Amino acid sequence: MEHPIQLKRWFKEPRYAWFILLFFWIFGFVGSIGRFVLAYYQSDITETLNMGRSFLGVTWSVSILIGALSAPLGGWLVDRYGYKLVIIFSSLLGTLSSTIILLATNPIGYFLGFGICSGLAGIGATTGYVIISDWFNHHRAKALMILGSAGSLGLAILTPVFVSNKSWLNWTGAYWILFVIGVVFIPLTLLFVRERKQTAEETEAQADAARKDETVQAGFADKMRILFGYLNNRVIMAVALSLFTCGFGMGTVEMHLMAIHQHAHVNVALFTASLSLLGVLELAGGFVFSYLMDRLNRAAALSALFIMRVAAFVILFMHWDATPLLFSLIFGASYLGAIPGGILLASESLKSNQKFGLQSGVLLMVHQLGGVLAGIAGGANYDLLHNYQLLIGINVALSTITAIAYFLIYRYQISSNRRHPTAEVQSV
């Protein structure tokens, strides 16, 4: 029998669904502190712990890599034990991460806390999607959009708070806040988070789907042969390049943008405004590009997106007075469109009988690999040359090549449609 709050409905969804969405949105909002604490306090952390920025870059990259590898494990655990247990375990690892960083104030402690434990906390990465799918039937896309907005709005709103209070709110204070958030979140999750009980029809449907998957599952050699066959698909290769470029840009911005502005001695007020603008434009740009990709040729829209990134990184390379605001405006608008647009374009390039699960997983791993390399490259660039110009230049080159690749895909699709006006171009 369902709990009474689960039976009452708002906008065709259980009232509890909206409650649990608000619950995770609030903690996602305040938890966004962890997104910028390492990037903003880089110089302070390196001075306090007496280590170079290369070490910080490697630590961040290890965390990203472990998180990427932990996500599939977390998904398997969710299927086996439910998302509540995985959320609690992930939160325990996140709280342990803050605890180690605060108690072991040395490079090894920071590597263990941030690089290892924070990365392992990535087992909870899939839980938000599962919760939305579990509780929402009519407004899943809206709910996912609302949940995803927590991080961007957190960056926009909380960054000025930390920047304006840096004199007393230092990096250890930020980790104390993250520790308290974890301590509060775990018991509240135990009290309030419930998993929806499946109906008999849903349970039987899942069992049928599992039996069907077992009968059609190919052997490992067959899967590898199919995977290598996809390497001849120029769209998938272009998307792989674009996701690597996107990941490299993500690593540059998430890990090094604040340090780049600090190194350029950007005015504090301008610095704060640019970071807030970046968070707002991430959200707005995601809506705009999702709208355009539904109405324009996807390859053309993605080519335009990466042209925007070329312009953004050229502006960042020049270090003009208006660079912080201009970069946040242009790059922020293009930040959230590359991954869903690329994945969608790649899936549409396959024939109707070709599965895309394995390929999408590989493409997302390529994206994470780009972020890992950017984290390492930025730290090495600063330690060797005492600037970030080479890192920014690599972003300009990669974005240029990717924009050209998508434009060539667009031209090919146009010419194919002219030769076969009634046929849909599936595989190019």
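Predicted model: local features only at pLDDT ≥ 70, side-chain atom pairs only at ≥ 80, totals over all residues.
In the classification applied here, Ala, Val, Leu, Ile, Met, Phe, Trp, Tyr, Cys and Pro count as nonpolar, Asp, Glu, Lys and Arg as charged, and the others, Gly among them, as polar. The structure holds 2 cavities of 30 Å³ or more.

The largest cavity has a volume of about 90 Å³. Its lining comprises Arg35, Phe36, Ala39, Leu155, Val253, Glu254, Leu257, Met258, Leu275, Leu278 and Glu282.

Three helices each supply at least two residues to the lining of the largest cavity: H3 (33-40), H13 (234-263) and H14 (268-293). Among the contributing elements, H13 provides the largest share, with 4 residues. In terms of domains, at least three lining residues come from domain 1 (14-193), and at least three from domain 2 (233-419).

The second largest cavity has a volume of about 40 Å³. Around this cavity lie Ile20, Leu21, Phe24, Gly128, Ile131, Ile132, Phe136 and Leu147. Helix H2 (15-31) and helix H8 (127-135) are the elements that give two or more residues to this lining. By class, the lining of the second largest cavity has 7 nonpolar residues, 1 polar residue and no charged residues.

Methods: Residues numbered from 1 in each chain as written. Heavy atoms only, no water. 1 Å grid on protein atoms, 1.4 Å probe; cavity = no way out; pocket = protein on both sides within 12 Å on 5 of 7 lines; lining within 4 Å. Points joined across faces, edges and corners; volume = space filled by probe spheres on them. Domains from an automatic or database assignment.
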